[in-house]
Structure formats: structure tokens, C-alpha cells
Amino acid sequence: MKVTLSWLREFAPGIDGDPVELGEVLSSLGLAVEEMDVVGEMVDGVVLAKVLDLRPHPDADKIQLVDVDRGDGQALQVCCGAFNMQVGDLIPFATVGTVMPNGMEIAQRELRGQTSNGMCCSGAEIAMGDDHDGILILNDRVVEGAVLGMPIGEALGMEADILWDLEVNANRPDAMSVAGVARDLAAALGVPFSFPDYPITTTREDVDDLIDVTIEDPTLCGRFVATVLRGISVGTSPAWMQSRLSQLGMRPINSVVDISNYVMLELGQPNHTFDLATIPNGRLNVRRAHDGETLVTLDDVERSLVPNDGVITNEGDEVISLAGVMGGATTEISDSTTDVLLEMAWWDPPSISRTVKRLNLPSEASTRFRRGADWGDNIDRAMRRFIQLAAESGVTAVEGFIDVAGETPDRGALPVRTAKVNSLLGTTLRPDEMAGHLASIGFGAELDRGDLLVTVPTWRWDTVTETDVAEEVGRMFGYANIERTVPKGTVAGGLSDYQKDRRLVRDVLVGVGCDETLPMPFLAPGDLVRAGLPENGITLSNPLHAEESVLRTSLLPGQLKAIAYNQSHRAAGVRFFEIDHVFLPAPDGQLLPDEREYLAVALAGSEATAAVEVLDVLDRALALPNVQLKPASPAGLHPTRSAEIVIAGRTRGHVGEVDPTVLEAYGVEGRVAWLELDLGAVLEGPHGNRKYTPVSKFPSSDIDLAFVAEDSVAASAIEGSLRKGGNPLLVDLELFDVYRGQGVEEGSRSLAYRLRFQAADRTLTDAEVAAARESCINQVAKKTGAVLRA
């Protein structure tokens with residue numbers, strides 16, 4: 001958003017001071033100054049000249065010879081590469097010796113045998129806009145009394161002015177106008193701000209007899225105001241208006257369009273004009289588009305509409321305008337137009353935003369509607385301003401405005417806690433001080449038992465919460481005035497117990513020789529089936545790749561892929577672990593997937609016992625309560641070499657070997673020991689209650705026991721019985737052999753254990769060791785039915 005100092009002073013005459021300092025004030029208000037320029041200062045040596053003759057260059061197709069009169073009555077020849085001039089046109093002319101803004105000095109030159117005695121200038125060459133396409137034509141822009149040879153600034157009535165180019169964020173719709181910027185700056189400087197009076201005169205013709213407006217969808221249009229202007233004559237706007245539009249980056253077009261743009265820049269209210277003759281009986285209807293409807297817009301492009309688009313239709317329900325975005329070609333103002341229907345409305349910002357994005361039709365007007373224009377008094381003010389400016393060219397307005405209401409945002413009193421505002425800003429402002437800052441920019445604020453009841457003005461669609469109000473207080477108080485402090489917390493930062501335990505798990509697994517892997521959480525269709533798992537993974541609607549379209553329900557597929565990749569690169573015997581999330585199907589009543597953190601350990605070339613040993617290490621490190629293994633055939637694992645892991649009576653995972661058919665499907669050779677735990681459930685459950693005992697200084701005694709047990713009896717059950725029978729003298733237990741074959745019945749196997757007995761306060765006698773041995777044998781027989789192997 002660009003603004004000039006002179007324009008700001010029309011709303012706040014007290015704005016004064018060093019332009020650089022004023023720019024710093026604007027930046028402190030959140031309107032960052034991206035660039036500051038002095039405009040209206042014309043280049044010395046550029047004068048008003050008149051085109052006397054045009055003729056082709058005899059030796060150059062892209063250059064013509066132009067004779068100009070620079071005020072001395074003499075024809076001066078110039079070589080020029082632009083062809084948009086006609087005889088009689090008034091143009092800016094740089095005389096010989098002039099130094100242009102880009103540093104180039106104008107000198108007499110010879111081009112292909114023809115002498116050029118100066119330069120005809122475009123708007124960009126003399127800093128009067130960005131137009132490089134042709135010579136700047138000044139026929140209707142010079143002031144009354146201008147004569148040839150007069151300095152161009154004087155001929156155009158231009159005076160030096162300060163131009164600021166401001167960065168206006170999306171949450172400041174009020175700052176998308178000169179008046180809005182002036183309001184903020186005046187409040188910061190403590191000078192009065194007010195809108196000028198815009199007196200208008202109207203005919204006795206009643207607007208209600210000429211037009212009729214219906215809002216079919218009140219959620220689309222909160223307010224629709226319209227009137228009729230008669231005696232329109234499309235021509236050229238005044239020089240002062242063209243100059244201001246050019247300074248703010250808008251190209252002057254014609255008298256009607258220029259007034260429309262001028263009012264929008266000045267007051268922030270976009271508007272639209274219809275040729276009244278093209279609207280049967282002056283009837284308009286505001287509604288959402290029907291699917292499949294089309295509209296040829298002002299840029300002569302046919303647009304296909306969807307039900308979210310807002311439209312304006314005529315009496316025959318034909319779409320004639322894309323609401324808040326662009327008008328239709330059928331109602332466009334033309335040279336034959338004499339009567340105009342002028343409308344100004346408030347459109348629902350999200351609706352306009354969706355249409356603009358879908359059709360890629362951004363504009364100055366739609367940007368203001370998308371951010372939230374003013375639905376209050378500013379619409380009436382902008383209507384009067386448009387009529388006042390148009391009246392200068394003989395246009396008359398009928399009596400009254402059509403004013404139809406839809407749904408606008410609620411602007412009831414907003415409770416604001418002063419303590420909350422101070423805590424957000426780090427200030428100690430009193431309620432009355434806050435009220436004063438808010439009142440300076442148009443907010444209503446009443447004291448309410450130490451707090452505030454704030455009424456948000458209609459031009460601040462973005463302000464809806466207590467935090468938004470705190471931001472306004474901070475802006476007007478001045479962020480630079482807030483004492484800088486380092487926030488202090490009552491609790492120093494640190495790891496949670498869960499995070500500490502997870503780190504411990506990582507350290508333990510690294511300690512047993514495992515490397516951590518981090519496969520992607522996405523699988524290809526069919527990966528779960530190849531891993532022997534149910535194909536119930538959640539499919540992504542917008543995957544980056546088809547082979548990464550399914551969320552994993554287990555860590556098994558990713559680990560098997562990693563092992564297969566390493567084996568293909570001659571790296572056998574890898575030991576991997578992974579801690580990451582799986583995504584289980586959502587339970588009844590839950591919309592999102594059941595996301596859990598799992599631990600997986602994959603030991604290539606190892607048997608199930610290796611995975612059990614890793615589980616034992618984790619058990620000791622985390623002090624898990626009552627860990628048991630129950631025979632089971634989990635999906636994807638070996639049917640007879642796997643088990644469920646039960647911790648404190650709840651199943652928390654699986655341990656064993658991967659099913660050979662699964663390994664074959666993934667191209668993995670040899671066996672793979674597997675451990676998978678619901679780590680989140682394990683670490684959130686009971687654990688960590690460690691019992692510490694002193695290290696005994698007395699000798700220990702080792703004995704070996706072999707039991708014959710049916711295949712249905714878990715080795716863990718025998719181990720548990722041994723620990724119970726040998727307590728408290730049993731300090732270590734190891735399964736060192738599993739045998740099937742001669743001497744052992746079919747359906748059974750021999751399990752050999754090494755037991756270590758030790759007392760903390762004495763050397764055990766042979767009798768004590770024998771008693772402990774007998775207790776262990778009896779306990780195993782009683783609990784599992786296993787018998788001591790002879």
C-alpha cells in the first residue's frame with residue numbers, strides 16, 4: 001500500500017515532521033516502510049513540448065523522426081523509438097544537457113545519419129509511473145494556463161511530496177486505505193483525525209423508483225448499497241487525480257474508472273458501476289452461483305462458476321457480475337453510457353477468497369474484500385465521495401440510496417481482562433490507559449470493574465478475540481516502550497520420565513550391539529500381506545508416490561526391507577532396532593487412526609532365544625513387573641517359535657522368529673529373531689521399581705538341571721518356577737541348551753538350565769545348596785509338569 005504525505009494530511013492536518021521519523025513511526029505501528037521516495041520533483045531540463053510532425057526515419061524501421069515545439073516556436077528534430085504519438089500531442093521533452101534520473105545525460109546525437117536534439121520521455125523515464133511502453137501523453141493532464149517550454153512539474157501542477165510504500169499484513173484491512181493509515185499515524189502522533197465532509201446534491205428523482213435489490217443469500221452479502229448517476233460522460237479525469245493515482249501505482253484509464261479507483265484507495269471501499277441501460281427494470285439479485293453457470297468477465301474471458309462463487313444476477317436471473325471479484329462484460333460502461341448504477345457492498349471474505357484463488361483473479365478490490373472491508377458508515381461515506389467527485393464533470397445523482405442488509409459479523413461488547421493484556425504484552429498498563437489507546441483508533445472501550453468492555457469498529461473484521469485487542473493496545477502503546485525482560489519459568493526445562501526411559505531403551509539396545517534405523521512410515525500396497533499381516537492399513541488420499549500410500553500397522557515390513565537391502569550389499573548378521581509410530585485402524589467412535597509408539601528389534605541370522613535375551617536385558621533395565629511369555633502364533637511370526645509378551649497381566653508385544661515364508665517374500669536369507677513391543681504402553685505402565693541388593697563377597701555354587709517338558713510348556717514358565725523355588729538364594733539363571741531327539745519323547749524337548757546360588761551373609765553349605773536344588777525341581781514339577789531328565 002502506497003500513501004503520500006499530502007493525502008494523509010487531508011485527514012489529519014497535524015501530521016508533520018521529518019519524513020524519515022514519520023516512516024519509523026509507521027513501521028512501529030506494524031506498517032513497515034519498505035521504501036520512501038520524494039515524488040513530484042521533476043528533472044531539471046524536462047519541459048512541456050508539442051508534437052509538430054511525425055515522419056519515418058529514412059534508414060531505420062524502428063525509429064521515427066519527430067518535430068517538437070519546446071516553446072520557442074521552432075521545430076526541433078528528435079529521433080524516437082515510440083510510435084504512440086500524434087501530431088498535436090503534448091509530451092514531456094528532455095532538452096540537451098538534461099541529466100535523467102538514471103544518470104544518463106541528454107546530448108545531441110546522430111542516429112543513422114539523422115540528428116536527435118533531445119529526448120521524448122515516457123512516464124518511467126521521468127519517475128512518473130512504471131510505464132515504459134510509450135511516450136507519456138499529457139493532453140488532458142496539464143493545468144490551466146500551462147504553456148510550451150514550461151518545466152514539466154509546473155505544467156502538471158505537481159508539487160514535491162513524500163511517498164511511502166508500506167507493507168500491510170493480511171490482519172490489517174483498515175490500513176488498505178489512505179484514511180486508515182492516517183488514522184493510525186494521527187493516533188500515534190497524538191493529533192486529531194477526522195473525515196472531510198463530502199456534501200452532495202441530488203435530483204428529486206427517487207432511487208426506489210429506479211432500482212430494486214434482493215439478497216437471496218445473506219451469508220454472502222452483509223450489505224448492498226446502490227444508487228443511480230445520470231449524465232455520465234466517459235472522458236479523462238482531472239490532472240490532479242491522475243497524478244495521485246500514478247503516484248500510488250495505478251494507471252489512469254478514464255473518468256469513471258479513475259474515480260472508482262480513487263475512492264477505493266482513499267477510503268478502502270471497492271465499488272462497481274453498471275451501465276443502467278443493460279439492467280432490465282434495474283433489478284438485481286445476490287446469490288450463490290449454480291453449478292455449470294458461466295460468465296464472460298470484463299477481461300473477455302468466459303468463467304465457469306461453482307456453487308461457492310457469489311454472483312449478481314438481473315431480473316431474468318442471468319449472471320452479470322462475479323461478486324467482489326470482477327464485473328461482467330454485458331453491463332460494462334461504454335462510450336454510449338449515460339446512466340450508471342453505482343454499487344458498494346460488503347462481501348463475506350472467505351467466499352471471495354475461495355473464488356479468487358480458484359479462478360486466479362486477484363485485484364486491488366478483491367484483496368480488500370478478502371481481508372475484510374468496512375460494512376458500516378464508510379460505505380455511505382464512499383458513496384458520497386464518489387458522487388462528489390463525479391459531480392465535477394456534470395454528473396447528477398438521484399435522491400437516496402438503496403440499502404439492503406444481509407448478515408454481518410457480531411459486534412457486541414467484547415470482555416477484555418486488563419491482567420490478561422498486561423501478561424501478554426509484559427506491561428503494567430491501567431484500564432483507563434488501555435481504553436485511551438483503543439479509543440484513539442476508533443475502538444469503543446468502557447471500564448467494567450477493573451476490566452474493559454470493548455466494541456470493535458466495523459472496519460476491523462480481523463479483530464474478534466481478547467488477544468487481537470491486546471495487539472492493538474501494544475501497537476498504540478508502542479512495542480519499543482515495553483521494557484525488555486527475559487521470561488522466567490517456575491520449572492526449568494528437562495526431559496519427562498517417558499523421554500528419559502525412551503533414551504534408556506536406546507542406550508540399552510545400542511549396548512547389546514544394535515543399530516537404530518528409521519524407515520519411512522509409508523508402505524506400498526501389498527507390503528502388509530507379504531509380511532503375513534492383515535491388510536488393514538490406512539490408505540492416504542494424496543500420497544507423494546503410489547509405493548508410499550499405506551500407513552504401516554507394524555514395524556516389521558520396514559525392518560525386513562532394511563535387512564534385505566543390507567544382505568544384498570553383502571552385510572549379513574545385522575542387528576537393527578527402531579522406535580517409531582504405527583497407525584492402527586481407528587476404534588469405534590474415533591475419527592483419527594490409533595497412533596502408537598512401538599519398539600522393534602530385528603536380529604538377522606539369530607534364533608528366537610536371541611530376541612528373548614534382548615527382552616531380558618530390557619526387563620532388567622526398566623525393572624518391568626512380572627514379565628511372562630505365553631505361546632502364541634502372532635501374524636507374520638513363526639507359528640511354533642514365537643510368543644506373546646505379557647507384562648503385569650497385559651499383552652504388550654511379541655517375541656520369536658519371523659515366519660520363513662515372510663522372509664522368502666522379502667528376499668531375506670536365514671533366520672531373523674524378532675521383538676516388538678508397544679513401547680508407549682510399556683513405559684506408561686508400571687515399571688522402574690528396582691530393588692538394589694549389595695554384592696555378595698561370599699563364593700557361589702553352580703548346578704545344572706535338565707527338564708523334559710512337553711512342547712506346549714513355555715520355557716519361561718519353567719524359568720519362573722525355578723526362580724520361585726530357588727528364592728532367595730538363586731541369583732542367576734541361564735537356559736544353555738534345548739534338545740530334541742533320541743532319548744526324548746516325540747512332542748517334548750529337553751531344556752537345560754544353569755543355576756547359581758549365593759548368599760549375601762555366608763558361604764552356602766552343601767546341604768543348603770541341595771535343599772535349594774530340590775525346591776527348584778519340586779516347584780517346576782508342580783507348576784509345569786516337567787520332570788528332571790535322568
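This report describes the fold, salt bridges, surface charge and backbone features of a predicted protein model.

## Basis of the values

The model is predicted, so local features need pLDDT of at least 70 and side-chain atom pairs count only at pLDDT 80 or more, while totals for chains, interfaces and linings use all residues. Residues are numbered from 1 along each chain as its sequence is written, and side-chain values use heavy atoms, with hydrogens and water left out.

## Overall form

The protein has 20 helices and 39 strands. These are DSSP runs numbered from the N terminus (helices: H or I, at least four residues; strands: E, at least two). The radius of gyration is 43 Å, well over the 28 Å that the globule rule gives for 790 residues, so the protein is more spread out than a compact globule. That radius is taken over C-alpha atoms, and the globule rule is 2.2 Å times the number of residues to the power 0.38.

Along its principal axes, the C-alpha trace spans about 135 × 80 × 60 Å. Of the 790 residues, 47% are buried. Buried means under 20% relative accessible area, exposed means over 50%, and partly exposed lies in between (1.4 Å probe, protein chains only).

## Salt bridges

Side chains of opposite charge can pair when their charged atoms come close. A salt bridge is counted here when a side-chain nitrogen of Lys or Arg is within 4 Å of a carboxyl oxygen of Asp or Glu. By this rule there are 45 salt bridges. One of them joins Arg-385 and Glu-266, with N to O at 2.7 Å. This pair links distant parts of the chain, 119 residues apart: Arg-385 is in helix α9 (residues 377-391) and Glu-266 in helix α6 (residues 255-267). Both Arg-385 and Glu-266 are buried.

Arg-596 pairs with Asp-678, the closest N and O atoms being 3.2 Å apart. Here too distant parts of the chain are linked, 82 residues apart, with Arg-596 in strand β31 (residues 594-604) and Asp-678 in the loop between β35 (672-677) and α18 (679-684). Arg-596 is partly exposed, at 32% relative accessible area, whereas Asp-678 is buried, at 9%. In the salt bridge of Glu-768 with Arg-762, the closest N and O atoms are 2.9 Å apart. Glu-768 is partly exposed at 23% relative accessibility, and Arg-762 is partly exposed at 32%. A network of salt bridges links Arg-172, Asp-174, Asp-184, Arg-460, Asp-462, Glu-472 and Arg-475.

## Negative surface patch

Asp-206, Asp-208, Asp-209, Asp-212 and Glu-399 form a negative surface patch. Patch residues have over 30% relative accessible area and no salt bridge, and like charges are joined within 9 Å. Areas come from the Shrake-Rupley method with a 1.4 Å probe. Asp and Glu count as negative, and the charge is placed at CG of Asp or CD of Glu. Asp-212 lies in strand β12 (residues 212-215) and is partly exposed, at 40% relative accessibility.

## Backbone features

A cis peptide bond, with omega about 5°, joins Asn-727 and Pro-728. Pro-728 sits in the loop between α19 (715-726) and β37 (730-739).

Asp-317, a residue other than glycine, has a positive phi near 60°. Its place is the loop between β18 (310-313) and β19 (319-322), and Asp-317 is partly exposed at 35% relative accessibility. For Arg-449, also not a glycine, phi is positive and near 50°. Arg-449 lies in the loop between β25 (444-448) and β26 (451-455) and is exposed, at 81% relative accessibility.

Notes: Patches are made of residues with over 30% relative accessible area and no salt bridge: like charges are joined within 9 Å, nonpolar side chains (Val, Leu, Ile, Met, Phe, Trp, Tyr) within 5 Å.
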